Amino acid sequence: MPHGVSWFNFLPGYRQFEEFLNAYLGKSFIGKQDLVAQHVAGAILVFIIVIILALLARSVLVRNRDNVIGDGRPSVANFFDALFEMLLGQMRSVIGHHAEEHFPFIASIVLFILFSNLLGLIPGFLPPTNNLNTTAACAISVFFYYHYIGIKKNGFFKYINHMINPIGEWWGYFLCWLMFPIELIGHFARPLSLSLRLMGNMTGDHAVLAIFLGLFPFVLPMPFMILGLIVALIQAFIFAILTCVYIALAQAHDE
Amino acid sequence: MSSRISKSLFLLLVVAAVVLFPVISFAEEAAGGSDMAKAEQGKFMALAAGLAIGVAAFGGALGQGKAVASGLEGIARNPSASGKIFTPMLLGLAFIESLVIYALIIAFMIKP
């Protein structure tokens, strides 16, 4: 399968979709490169997969609504149960109390990133997180979300005040000319590092996989497939944990 | 007999020429279009890309090895604390690895 061709090319109407994207949306916002329709189509495919899985899990839960212990069969609902149990446990250990109110946001971002990373393991698909625009979308929404949470929990002036004077003593204000730019740079480096880390990991992983698939496409890529699986899981997890850390740091000022 | 062999050989040569001609002509075009300075630049760019990821991977591997070593030592001393040690260790590994990933992105960006 040559570069730039994926299973999407066999879809009817994909060519028109690609032309539509290139004609009406132009260059991408970040990087000013040509839009790659594969990533957009991959993201849409991930949305469809997640929505179908969620509907399946919901149907299972509705079927077992009156049972106390469930029907004992493995199902999609069990998968989501285990995943969210682990995620919520990690969130509780990082954020502390009030972890549940951030759960919908973090869980939806993690589901999207996890399934996009896993999509890249299927030969013939690119992971949508391969492109900086996809990961930057997630990271920028995290950026705005944790600032929103910080301002909501502390009030605007207290939040800014903590940026100016992180020490909290009266003499800390003498250092504000030093502290405020550093804090500002730190805050803007967060979405940058989040998006670049995810994109770089997935790109590097995919490149390694592509090189070894090109060398000998039979048994040789197996260890790198396993490595790719581990990287996909770990990167989604890291994204979630870092989001939790940022939220915890933003709202922890009131204690 | 001999003429048949030479005929088939000739046919083979023609097919090979037709197949290979675009490759050869494109290669000549690429080699002819670039002057000496560009080749020199490309050489150093390839060297820079390799060095960037090489040095970054060296430092990152040392740092990650140190982090994992002390994390595992802590877990070995107190296995019940493995859950509490594992998450910060993973976070630290991610932070160290992100620097290596930046170098990887730069290595990808440098195209000779």
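The predicted model scores ipTM 0.70 and pTM 0.79. For chain B the average pLDDT is 79, and 69% of its residues score at least 70. Within chain B, confidence is lowest in helix H1 (residues 2-33), where the mean is 58, and highest in helix H2 (residues 36-77), where the mean is 91.

Chain A contains 8 helices and 0 strands, and its elements run α-α-α-α-α-α-α-α from the N terminus on. Its C-alpha atoms fill a box of roughly 65 × 55 × 40 Å along the principal axes. Of the 255 residues of chain A, 29% count as buried. Among the contacts in chain A with a separation of 6 or more, 65% are accounted for by residues 24 or more positions apart. Chain B comes to 3 helices and 0 strands, in the pattern α-α-α along the sequence. Of its 112 residues, 6% count as buried. Residues 24 or more positions apart make up 76% of the contacts in chain B with a separation of 6 or more.

The largest nonpolar core has 50 residues, and those with the most contacts inside it are A:Val110, A:Ile113, A:Ala236, A:Phe239, A:Ala240 and A:Cys244. Two or more residues each are given to this core by helices H2 (37-63), H3 (76-95), H4 (103-119), H5 (132-154), H7 and H8 of chain A, together with H3 of chain B. The most is given by H8(A), with 13 residues. With residues up to four places away in sequence left out, A:Phe239 touches A:Val110, A:Ile113, A:Leu194 and A:Leu198. Of these contacts of A:Phe239, A:Val110 and A:Ile113 are also listed among the core residues with the most contacts, while A:Leu194 and A:Leu198 belong to the buried residues of H7(A).

Helix H7(A) has 40 residues, which at 1.5 Å a residue should span 58 Å; the end C-alpha atoms are 56 Å apart, in agreement with that value. H7(A) bends by about 30° at A:Ala189, and a proline, A:Pro191, follows within four residues. A:Pro191 is itself buried, as are A:Leu194, A:Ser195, A:Leu196, A:Arg197, A:Leu198, A:Met199, A:Gly200, A:Asn201, A:Met202, A:Thr203 and A:Asp205. The buried residues of H7(A) pack against H4, H5 and H8 of chain A and against H3 of chain B.

A:His206 also lies in helix H7 of chain A. A:His206 counts as partly exposed because 19 other C-beta atoms lie within 10 Å, whereas a buried residue has 20 or more. Leaving out residues up to four places away in sequence, A:His206 touches A:Gly120, A:Pro127 and A:Asn130. The C-alpha atoms of A:His206 and A:Leu126 are separated by 8.1 Å, although the two residues are 80 residues apart along the chain.

The loop between H3 and H4 of chain A holds A:His98. Most residues other than glycine have a negative phi. A:His98 is not a glycine, yet has a positive phi of about 65°. With 14 other C-beta atoms within 10 Å, A:His98 is partly exposed.

The contact between the chains takes 10 residues from chain B and 11 residues from chain A. On the side of chain B that touches chain A, 8 residues are nonpolar, 2 are polar and none is charged. Helix H3 of chain B (residues 82-109) has 28 residues, which should span 40 Å at 1.5 Å a residue; its end C-alpha atoms are 39 Å apart, which agrees. In H3(B), the residues B:Ala94, B:Glu97, B:Val100, B:Ile101, B:Ala103 and B:Leu104 are buried. They pack against helix H7 (176-215) and helix H8 (222-251) of chain A, together with H2 of chain B.

Conventions: Residues are numbered from 1 along each chain as its sequence is written. Chains are lettered from A and ligands numbered from 1 in the order in which they are written. This is a predicted model: local features need pLDDT of at least 70, side-chain atom pairs count only at pLDDT 80 or more; totals for chains, interfaces and linings use all residues. pLDDT is the predictor's confidence in each residue, from 0 to 100. Two residues are in contact if their C-beta atoms, placed from the backbone, lie within 7 Å. Ala, Val, Leu, Ile, Met, Phe, Trp, Tyr, Cys and Pro count as nonpolar, Asp, Glu, Lys and Arg as charged, and the others, Gly among them, as polar. The expected span of a helix is 1.5 Å times one less than its number of residues. A residue is buried if 20 or more other C-beta atoms lie within 10 Å of its own, exposed if 12 or fewer, and partly exposed in between; C-beta atoms are placed from the backbone. A nonpolar core is a set of buried Ala, Val, Leu, Ile, Met, Phe, Trp, Tyr and Cys residues joined through C-beta atoms within 7 Å. The bend at a residue is the angle between axes fitted to the seven residues ending there and the seven starting there.
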